[in-house]
Amino acid sequence: MTTTDLLSVFPLLILILWACLVLLLDVFLKRERLTTILTAIGLVVTLGFSISQNNLNLTGFNNMVVVDNFAVYLNIIFLGSGLLAISLAHDYLKRMGINRGEFYVLLMFSISGMMLMAIAADLIVFFLALELLSIPLYVLAAFARPRVESEEAGMKYFLLGAFSGGFVVYGIALVFGATATTNLSGIAARIAEHQADIPLLTIGAALILVGFSFKVAVVPFQMWTPDVYHGAPSAVTAFMAIGAKAAGFAALMRIFVAALPTLSEQITPIIWVLAALTMIVGNIVAVAQSNIKRMLAYSSIAHAGYILMALVSYGQSSVASVSVSAALFYLLSYAVTNFGAWAVVIAVEKAEGKGLALDDYAGIGRKYPALAAAMAIFMLSFTGVPPTLGFVGKFYLFRAVIDGGYIGLAVIGVLTSLISAFYYLRVVVIMYMRDGEPEVRSEPWLNLTTAFTAIATIVLSIFSAPILQWASQAILSTF
Amino acid sequence: MAIEFLPIAILFVLAIALAVFIVFLGSIFGPKRYINTKMMPYESGMTPIGPGTRRMNVRFYLIAVLFILFDIEVIFFLPWAVVFRSLGLFALIEMLVFIGILLVGYVYAWKKGALEWE
C-alpha cells in the first residue's frame, strides 16, 4: 500500500472510521442529539476532504479505485444528500417515535458505500460498494419498526436487492470469463486487443445493466419502488431516492462509458428501450396515484428514465462526455428538488401513515402560503418549467440526447414530460384551489431545508453556468 | 469442444441409469414392513418430541447471525496465518484493522443485549 492508495480513499476511510466511532458513542452515551451533531460534523469533514480531491485524478490499489472529477462531483452529491437527510430526519424521527441513534450510523455507512461506488474502477469493488450501500438502506427502510408497512418495505427491498445483486455478480462472472480480468482498464485493453469473447461479454454487460437497473428503478425492474418508497420512513425515502439512484447511475456510467464503449452496438438498443419504457410507464402510472409518497415514487422512476437517456449515446466518444455531464447536472437538480418535495411531505405527514393523501394538501395555499409556494416550485421543477433547476437539467439532457442523434427518444421524453405536468400541477391545483383544514408541522430544521432547497431550485437555475461548468469538468477518466 | 465433454455425458447417463436400476431392484426384492417407528420424522436417532413445524423463538436467528459473523472471522484467520510469515508486519496491521471493525460490531451487539438470553 502506497501513499497514493491511502490518499485516494482517504475521505472514505474518515467516514467509515467516524461511523464506527459514532456507533460506539451512541450505544454507550445514548444521547441522540450528540449522535446527530457528530454525524453532521463527520459528513461536513468528509465533504471537505472530498472537495480537496478535486482535479487530483488519483488511481489507487492497482487501478481498483479511480478518483477523478466525476467521482468527486458524485461524492459531493452523496455527502450533501446525507446532510439534507439528517436535517429532514432530525425532528421527523422524534415525532414518529423512532429516534434511534442507529439511523445516523447506518446513513453514514450507506454514504460510504455510495462514495466507494463513485470511485470504483474494478467490477469487484463495484459489487462491494453495492452491498455496502444497500444493506444499511434495507435496515433504514424497515426503520419504523413495528409499523407493518415499514417492515414490509424493508423485507421487499432486501429480497429484491439481493436478487438484483445476484444479477450483478453473474454479470461480473461472465465479463471475467470473457476478458480474464475484472479491472475496467484491463477489460478495455482486452477488447482493444481483440482478445475478448464478445458474445459472452455482451451477456455479462447486459446482466450488469439489469442488476443496476433494479437499484435505480428502471422499468421493468421497478416493482419494488412504490411499495418501498411508501413504506419506508419519509426521511429515509428522500435519501434513498437520490442516493441509491445516483450511486447506481455512477456505476452504470463508469462501467459502460469507461470500459465497454465498443459494445454500444449491442447495448444501446437495450438502453433505448429501457429509457423509453421507464419514462412512459413511470409518468403514466404516476397519474393514477392518490398517495403523495407513491406519486413521488413513480415520479422517481420516471426521472430514472430521463437520466438513463444520457447513457444511450455512450458509445460515441464525442457525445459521451457531454451526456455524462448532462446526467450529472440532472442528478444534482433532481437531488435538490427531491429533498425539497420530501421536506414538504414530511411537514404535512402525520403519525400512523396519515396525511399522505393528495387531498390532505387542500387549503395549504391559503393557510400556509410559504410552504405552498415552495411545493409549487418543486413541482414545477419536477415538470421542467423555467425558471427552475429541473428545466435547466432537462434542457441539457435533451440537448445531449439530440446531439447523439436519438431524436425519437428525445420526443418521447418531451411528451412524457407533458404527461407528468398533469400530476405535478394537480398537487399545486389542490393546494391553491381547494378548501381544506390542513395541519402542517413547523419544525426549524425542516423549514430551513424547505427554504434552502426552494431558493436553490430557483437561484441555481438562473446562475446555472458555474455548476454546469463544474459538471462538464466532471468527466470520467477513460482508459 | 463438444466432443471433449462426451465422457462426462456418458458418465452422467451411466450414473442416472445405475441409480434408477438400483432403486428399481430394491423396490422389487426389498422387504416391505410398515411400522410406526419407521413413519416418524428422523431427529438424529432420538424419539421426536413435538411436531416438526413448531414456531421458533426469534432469538435463535439472532444467535445464528452472530455465529455466522464470528465464524467467518475465523475462516479469514486461517489463510492469513498460513502466509503470515511471508507478508510480515503489513499482514498483522491488516488483520488488526479487520478485528478492530469486528470488535466494534461485537461491542455494539453486547451492549445492545443481543448476547443475553433471559
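Predicted model: local features only at pLDDT ≥ 70, side-chain atom pairs only at ≥ 80, totals over all residues.
Okay, quick one to start: is Asn63(A) buried, exposed or partly exposed? Asn63(A) counts as partly exposed, because it has 14 C-beta neighbours inside 10 Å.

Chain A has 20 helices and 2 strands. Its C-alpha trace spans about 70 × 55 × 40 Å along the principal axes. For 479 residues, a compact globule would have a radius of gyration near 23 Å, and chain A comes in at 21 Å, so the two agree. Buried residues make up 59% of those 479 residues. And if you take the contacts in chain A between residues at least 6 apart in sequence, 80% of them join residues at least 24 apart.

Now chain B. Here we have 5 helices and 0 strands, and along the sequence the pattern reads α-α-α-α-α. The radius of gyration of chain B is 26 Å, while the globule rule gives 13 Å for 118 residues, so chain B is more spread out than a compact globule. The C-alpha atoms of chain B fill a box of roughly 65 × 55 × 25 Å along the principal axes. How much of chain B counts as buried? Of its 118 residues, 0%.

And what about the contact between the chains? On the chain A side there are 5 residues, touching 6 residues of chain B. The chain A side divides into 5 nonpolar residues, with no polar and no charged ones.

Let's go inside chain A. The largest nonpolar core has 193 residues, and those touching the most other members are Leu88(A), Met117(A), Ala141(A), Ala327(A), Leu331(A) and Leu397(A). Helix α14 of chain A, residues 317–348, gives the most to this core, with 22 residues.

Pick Ala141(A) out of that list and follow it. Leaving out residues up to four places away in sequence, Ala141(A) touches Ser150(A), Ala153(A), Gly154(A), Tyr157(A), Val228(A), Gly231(A), Ala232(A) and Val236(A). Two of those names, Tyr157(A) and Val228(A), are worth a stop.

Tyr157(A) first. You'll find it in helix α7 of chain A, residues 148–179.

After α7(A) comes Ala180(A), with a positive phi near 65°.

Then Val228(A), which is one of the buried residues of α10(A). That helix covers residues 224–231 of chain A, and 7 of its 8 residues are buried. The list is Trp224(A), Thr225(A), Pro226(A), Val228(A), Tyr229(A), His230(A) and Gly231(A). Those buried residues pack against α6, α7, α11 (234–259) and α13 (292–312) of chain A.

Most residues other than glycine have a negative phi, and most peptide bonds are trans. Here are some that go the other way.

A cis peptide bond joins Arg145(A) and Pro146(A), with omega about 5°. Pro146(A) sits in the loop between α6 (123–141) and α7 of chain A. Another cis bond runs from Pro386(A) to Pro387(A), omega near 0°. Pro387(A) is in the loop between α16 (369–383) and α17 (389–403) of chain A.

Asn63(A) lies between β1 and β2 of chain A, and its phi is positive, near 65°. Phe61(A) is in the loop between β1 (58–60) and β2 (65–67), and its phi is also positive, about 50°, although it is not a glycine. Phe61(A) counts as partly exposed, because it has 17 C-beta neighbours inside 10 Å.

That's me done, over to you.

Note on methods. Residues numbered from 1 in each chain as written. Chains lettered and ligands numbered in written order. Helix = DSSP H or I, 4+ residues; strand = E, 2+ residues; numbered from the N terminus. Rg over C-alpha atoms; globule rule 2.2 N^0.38 Å. Buried ≥ 20, exposed ≤ 12 C-beta atoms within 10 Å, placed from the backbone. Contact = placed C-beta atoms within 7 Å. Nonpolar A, V, L, I, M, F, W, Y, C, P; charged D, E, K, R; others polar. Core = buried A, V, L, I, M, F, W, Y, C linked by C-beta atoms within 7 Å.
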